[in-house]
Amino acid sequence: MKKKQWQGWGPGEQAEQHYLVQPRALAGGGDIRHVSEFLRASGWRDKSKTGGPLVLESPDRSVRLSYDPYTLPGRWAIRGAARGPQAEWEAVLGRYTPVEIIAGLTDQLIRPRSAHAPNVWAPLAEQNWHARREGRHHIAASPDGLAWVHFRQNADGRALWWAGARDGQGIGWIAQFTSTTPMHLVQAFSAALASPEPVMRPRGRVPHSAQITVTSVSVLPSQLSAWQQARITAARAATWAHNSVRSTRPRTTARPHSSAGGARTRR
């Protein structure tokens with residue numbers, strides 16, 4: 001186990017032991033506030049009931065996220081309503097899916113889509129995942145074989161995205177996405193899954209797995225707070241930018257306007 005010490009400690013603070021875990025897919029669930037506080041800062045409404053699962057709803061009520069640790073085996077569920085050409089969709093992820101990977105998808109819910117066509121396999125290829133095709137199925141596996149992404153299509157035409165990670169002791173998680181899940185969201189998920197960056201877990205929250213590597217770090221509470229606040233600030237900035245673009249977007253349909261000079265188009 002490696003050990004690092006953070007510099008710039010402030011007076012009166014006691015450093016806390018944390019661990020950087022690799023691969024991130026096997027780091028365990030983590031703090032759900034990494035997901036929920038970002039969405040709250042983006043204007044999502046808290047629909048949770050006292051003593052019940054976490055439930056958040058997007059400002060336009062088109063997407064609902066829930067985290068239910070009380071019903072075994074526990075899970076995250078993200079459901080999108082049908083809107084225009086977008087069909088209803090759903091993503092269900094096991095409770096031990098690392099929150100950093102879930103956030104790869106949920107953060108994307110508040111960001112504008114890229115002008116480029118989404119490609120779920122591109123982030124995996126960039127990290128040297130092994131891809132192959134088996135009939136109707138497309139499969140990619142991480143270089144260490146511990147994580148995977150599948151696109152499965154049955155003979156009757158039904159299809160779904162299936163992903164997950166599992167170590168040699170059977171510890172892991174599974175995620176499923178309906179075929180109607182917007183591809184830019186699945187791509188954001190695959191990019192977060194394939195990222196080589198480690199994720200941090202506090203002492204006592206590191207899984208017991210022979211397949212992970214941990215690096216010990218000492219972190220001040222003020223550092224943790226600063227990182228969390230930076231993420232919240234980023235969410236607010238992204239929401240402000242997105243709303244500004246929408247409010248200044250020119251109208252696509254002309255409205256008649258009476259005047260002495262005849263009809264004019266108002267934008």
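Of the 267 residues of the protein, 39% are classed as buried. The model is predicted. Its secondary structure consists of five helices and 14 strands. Among contacts with a sequence separation of 6 or more, 56% are between residues 24 or more positions apart.

The largest nonpolar core contains 53 residues. Leu65, Leu93, Phe189 and Leu193 are the members that touch the most others in this core. Helix α4, which spans residues 183-194, supplies the largest share of the core, namely six residues. In soluble globular proteins, nonpolar side chains tend to be buried together. With residues up to four places away in sequence left out, leucine 193 touches Arg24, Ala25, Ile101, Trp129, Ala147, Trp148, Val149 and Trp173. One of these contacts, Ile101, is a buried residue of helix α2.

Helix α2 covers residues 99-106. Eight of its eight residues are buried, so α2 is largely enclosed by the rest of the structure. The buried residues are Val99, Glu100, Ile101, Ile102, Ala103, Gly104, Leu105 and Thr106. Helix α2 also supplies at least two residues to the lining of the largest pocket, and Val99 and Glu100 are among the lining residues nearest the centre of that pocket.

The largest pocket holds about 1,100 Å³ of space. Its lining comprises 41 residues, and those nearest the centre are Asp31, Val99, Glu100, Met200 and Arg201. By class, 22 lining residues are nonpolar, nine are polar and 10 are charged. At least two lining residues come from each of β2 (16-22), α1 (33-41), α2 (99-106), β12 (172-178), β13 (199-202) and α5 (221-248). The largest share is that of α5, with five residues.

Strand β2, one of the elements that line the pocket, contains histidine 18. The relative accessible area of histidine 18 is 7%, under the 20% cut-off, and the residue is therefore classed as buried. A polar atom of the histidine 18 side chain lies 3.5 Å from the backbone oxygen of glutamate 16. Apart from neighbours within four places in sequence, histidine 18 is in contact with Met200, Arg201, Pro202, Arg203, Thr215, Ser216, Val217, Val219 and Leu224. Two of these partners, Met200 and Arg201, are also listed among the lining residues nearest the centre of the largest pocket.

Cis peptide bonds were found at two prolines. One joins glutamine 22 and proline 23, with omega about -5 degrees; proline 23 is in the loop between β2 and α1. Another joins leucine 72 and proline 73, with omega about 5 degrees. Proline 73 is placed in the loop between β5 (63-68) and β6 (75-80).

Positive phi values outside glycine were also examined. Arginine 61 has a phi near 65 degrees and is not a glycine. This arginine is in the loop between β4 (54-57) and β5. Because its relative accessible area is 61%, over the 50% cut-off, arginine 61 is classed as exposed. Asparagine 128, likewise not a glycine, has a positive phi of about 65 degrees. Asparagine 128 is in the loop between α3 (122-126) and β8 (130-134), and with a relative accessibility of 55% it counts as exposed.

Definitions and conventions
Residues are numbered from 1 along each chain as its sequence is written. This is a predicted model: local features need pLDDT of at least 70, side-chain atom pairs count only at pLDDT 80 or more; totals for chains, interfaces and linings use all residues. Side-chain values use heavy atoms; hydrogens and water are left out. On a 1 Å grid over the protein atoms alone, a cavity is a set of points where a 1.4 Å probe fits but cannot get out, and a pocket is an open set with protein on both sides within 12 Å along at least five of seven lines; lining residues have an atom within 4 Å of a point. Grid points are joined across faces, edges and corners, and a volume is the space filled by probe spheres set on the points. Helices (H or I, at least four residues) and strands (E, at least two) are DSSP runs, numbered from the N terminus. Ala, Val, Leu, Ile, Met, Phe, Trp, Tyr, Cys and Pro count as nonpolar, Asp, Glu, Lys and Arg as charged, and the others, Gly among them, as polar. A nonpolar core is a set of buried Ala, Val, Leu, Ile, Met, Phe, Trp, Tyr and Cys residues joined through side-chain atoms within 4.5 Å. Buried means under 20% relative accessible area, exposed over 50%, partly exposed in between (1.4 Å probe, protein chains only). Contact means heavy atoms within 4.5 Å. A polar contact is a pair of N or O atoms within 3.5 Å; within protein, one must be able to donate a hydrogen and the other to accept it, and residues adjacent in sequence count only if both atoms are side-chain atoms.
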